[in-house]
There are 2 protein chains.
Amino acid sequence: MPTKSSGAAPGREHAGQVIASVERAAHVLMHFAETPSDTLGVTEIAEALGMSKAAVHRILASLRVRGLVELDPATRRYSLGAGAMRLGLACLDRIDVRRIAGPELVTLSRRTDETATLSIRTGRHRVYVDQVTPAREVIMSVSLGVAHPLHAGGSSKAFLAFLTGEEIEDYLSYGPLEPLTGNTIVDKATLRRELAAIREAGYAQSFSERMPGAASVAAPILDHHGRPLAVVSVSGPAERFREEARHCAEMLLESTTRLSAQMGWTAPG
Amino acid sequence: MPTKSSGAAPGREHAGQVIASVERAAHVLMHFAETPSDTLGVTEIAEALGMSKAAVHRILASLRVRGLVELDPATRRYSLGAGAMRLGLACLDRIDVRRIAGPELVTLSRRTDETATLSIRTGRHRVYVDQVTPAREVIMSVSLGVAHPLHAGGSSKAFLAFLTGEEIEDYLSYGPLEPLTGNTIVDKATLRRELAAIREAGYAQSFSERMPGAASVAAPILDHHGRPLAVVSVSGPAERFREEARHCAEMLLESTTRLSAQMGWTAPG
DNA sequence: GGACCTGTTCCACACACCGTAACGCCGTTT
DNA sequence: AAACGGCGTTACGGTGTGTGGAACAGGTCC
């Protein structure tokens, strides 16, 4: 059997009739987004995705025609191209919460002198879509566009806590909670209690749950149904954050309350 | 001959052996970025790109598996998905000029009370990669990620003017200057004089050259070789901009001078 | 110089993808 | 109501296209 039939993606169910080569091309493309390195070689990709070098080469040549990837003739290595950027920008341009939250992130970062971030949810994950870093020496900086699970870290827990009970149970039922660090909550009962506490407090906090040495406070921006549209966080190095947390949380809630109001949310009661 | 061989893309030369279906899939994907509407239907795409409905449907189904596009089951219409966003964010995260210029755009917008934008060049075009809009009623707002030619409008001319003489001639030799409005400069000799004036002044200005009713001033951010890394503009409605232009240009140059210095540029002389 | 990487090209065969055409499914129209 | 036109989706069989393995070419490193 030369071609590996079926296989498909890890995520979704059936999706009708698909073209194997297109699906593989999409896989190659997404690999660029998921890998930390800026450039990739043909062999590197072929090995990572279990494809033949020839196939990867042909795919890259095809994607190159539309500018989705670029080839550096000197190094013979490939990277994401202008087309990919335009694709992402076209998406971002349609997420209006980002435009609205932008100035607030700047304010928040200035007032706390820490990094302010904005995340949105994509199914069982979330991604950072914006960040504003303060002008000081030691800061936190996140990678935009990388998917993170919903159970580890401040922003993630803030999302999870404000979903419906059904959605939370659905998330939990999917499988075991993978630890990202030694501090990640992996026990489901513990996580349920934590989420209840977050709803009570109105914000989540995390010390090294997702990334060692990083700490954050995070709160959701709610729409007029009370559903979390996005999450704002303030994060910094764990050492100095321990004493700043309360102050940051205050500033954070002030910002997210204002943003939620702009998105049509009205406080209960 | 059922399949239309060759054809390829309008832009590039040969690119070795390519896979027709992947190239077409990329074409479909890019169509989402280029079209102003958020969602597209199968027939709509098929007609726009001259493909059969069946082919478009199969391509969309394949892209959907990797999350590059999403299907709204209610309307049966497709839009860009989370994967596309992650792709773009992965790119943007690697453009550090954007991170550095961000705060300056905020400052600039506040000081002028107009829209501040940031563009980067992609070959014979440029795209807006960021914008900050002021909090007032009537404002300019640009579309991020859409490609614009280099001869029409403030930001475009600012790029062109600061390229090398060889690059400028190469651009001009490519074909006639397509007018985007009645004010677009279409005569090459006139454009050359205009570019010289821009280099002299240090900034470009435009009234309705790219978009009717829109005006702007724009200046480049230069790296340590004096090459334009990016262009910053301040833009607004043409009517009120006529009297604001000089003041905006002052603020603009202050910002771009600071940014160029940060990128390693040192003023000549 | 040769061993060992890369990325790229060649080739003939199998089979995956192509377009045509028919299928449901909604809205609106007659 | 029933017929229409629009949509997105599926079926099908033939052909031409993409497949993987292996050979090629151009590097760098011992």
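1. Sheet of chain A. In this predicted model, chain A carries an open sheet of 6 strands, ordered S5-S4-S3-S8-S7-S6 and paired in antiparallel fashion. Strand S5 (147–149) and strand S6 (204–207) of chain A are the edge strands, each pairing on one side only. From one strand to the next, the twist averages 35°.

2. A helix of the partner chain on this sheet. Helix H4 (residues 82–92) of chain B packs on the sheet of chain A, where it touches strand S3 (115–122), strand S4 (125–132) and S5. The direction of this helix makes about 35° with that of S4(A).

3. Strands S7 and S8 of chain A. Strand S7 (residues 214–222) and strand S8 (residues 228–237) of chain A run antiparallel and are joined by 9 bridges. Within this pairing, A:Ala219 has A:Val232 in S8(A) as its bridge partner. Strands of a sheet pair through backbone hydrogen bonds, either parallel or antiparallel.

4. Sheet of chain B. Chain B likewise has an open sheet of 6 strands in the order S5-S4-S3-S8-S7-S6, with antiparallel pairing. Its edge strands are strand S5 (147–149) and strand S6 (204–207) of chain B, and each of them pairs on one side only. Neighbouring strands are turned against each other by 35° on average, direction ignored.

5. Strands S7 and S8 of chain B, with a helix across them. Here 9 bridges connect strand S7 (residues 214–222) of chain B with strand S8 (residues 228–237) of chain B, and the two run antiparallel. B:Ala230 in S8(B) is the bridge partner of B:Ile221. Helix H9 (residues 238–262) of chain B lies across S6, S7 and S8 of chain B and runs at about 10° to S7(B).

6. The S6–S7 hairpin of chain B. S6(B) and S7(B) run antiparallel and are joined by 4 bridges. B:Phe207 stands opposite B:Ala215 in S7(B). The two strands form a hairpin with 6 residues between them, and B:Ser208 in the turn has a positive phi of about 60°.

7. Relation of the two chains. Chain A superposes on chain B through a rotation of 180° with 0.0 Å of shift along its axis, giving an RMSD of 0.2 Å. The two copies are therefore related as by a two-fold rotation axis. The same surface serves both copies, since 100% of the contact residues of chain A recur in chain B. Which residue of chain A comes closest to the rotation axis? A:Gly88 does, with its C-alpha at 1.6 Å.

8. Surroundings of DNA strand C. DNA strand C is surrounded by 20 residues, of which A:Gly41, A:Val42, A:Thr43, A:His57 and A:Tyr78 are the closest. These surroundings divide into 9 nonpolar, 7 polar and 4 charged residues. Sugar or phosphate accounts for 73% of the atoms of DNA strand C within 4 Å of the protein, and bases for the rest.

9. Polar contacts to DNA strand C. For A:Ser21, a polar side-chain atom lies at 3.2 Å, and for A:Ala20 a backbone N or O atom lies at 3.1 Å. Both chains contribute elements with two or more residues to the surface near DNA strand C: helix H1 (20–34), helix H2 (42–49) and helix H3 (53–65) of chain A, together with helix H1 (20–34) and helix H3 (53–65) of chain B.

10. Surroundings of DNA strand D. Around DNA strand D there are 20 residues, and A:Arg24, A:Arg58, B:Val42, B:Thr43 and B:His57 come nearest. The division is into 9 nonpolar, 7 polar and 4 charged residues. Of the atoms of DNA strand D within 4 Å of the protein, 71% are of sugar or phosphate and the rest of bases.

11. Polar contacts to DNA strand D. A polar backbone atom of B:Val42 is 2.8 Å from a phosphate oxygen, whereas the side chain of B:His57 has an N or O atom 3.1 Å from a sugar or linking oxygen. The elements giving two or more residues to the surface near DNA strand D are H1 and H3 of chain A, with H1, helix H2 (42–49) and H3 of chain B.

Conventions
Residues numbered from 1 in each chain as written. Chains lettered and ligands numbered in written order. Predicted model: local features only at pLDDT ≥ 70, side-chain atom pairs only at ≥ 80, totals over all residues. Heavy atoms only, no water. Pairing = 2+ DSSP bridges. Axes fitted to C-alpha atoms, helices over the stretch in contact; angles between N-to-C directions. Contact = heavy atoms within 4.5 Å. Near = heavy atom within 4 Å. Polar contact = N/O pair within 3.5 Å; in protein donor to acceptor, adjacent residues only side chain to side chain. Nonpolar A, V, L, I, M, F, W, Y, C, P; charged D, E, K, R; others polar. Least-squares fit on C-alpha atoms with pLDDT ≥ 70 in both.
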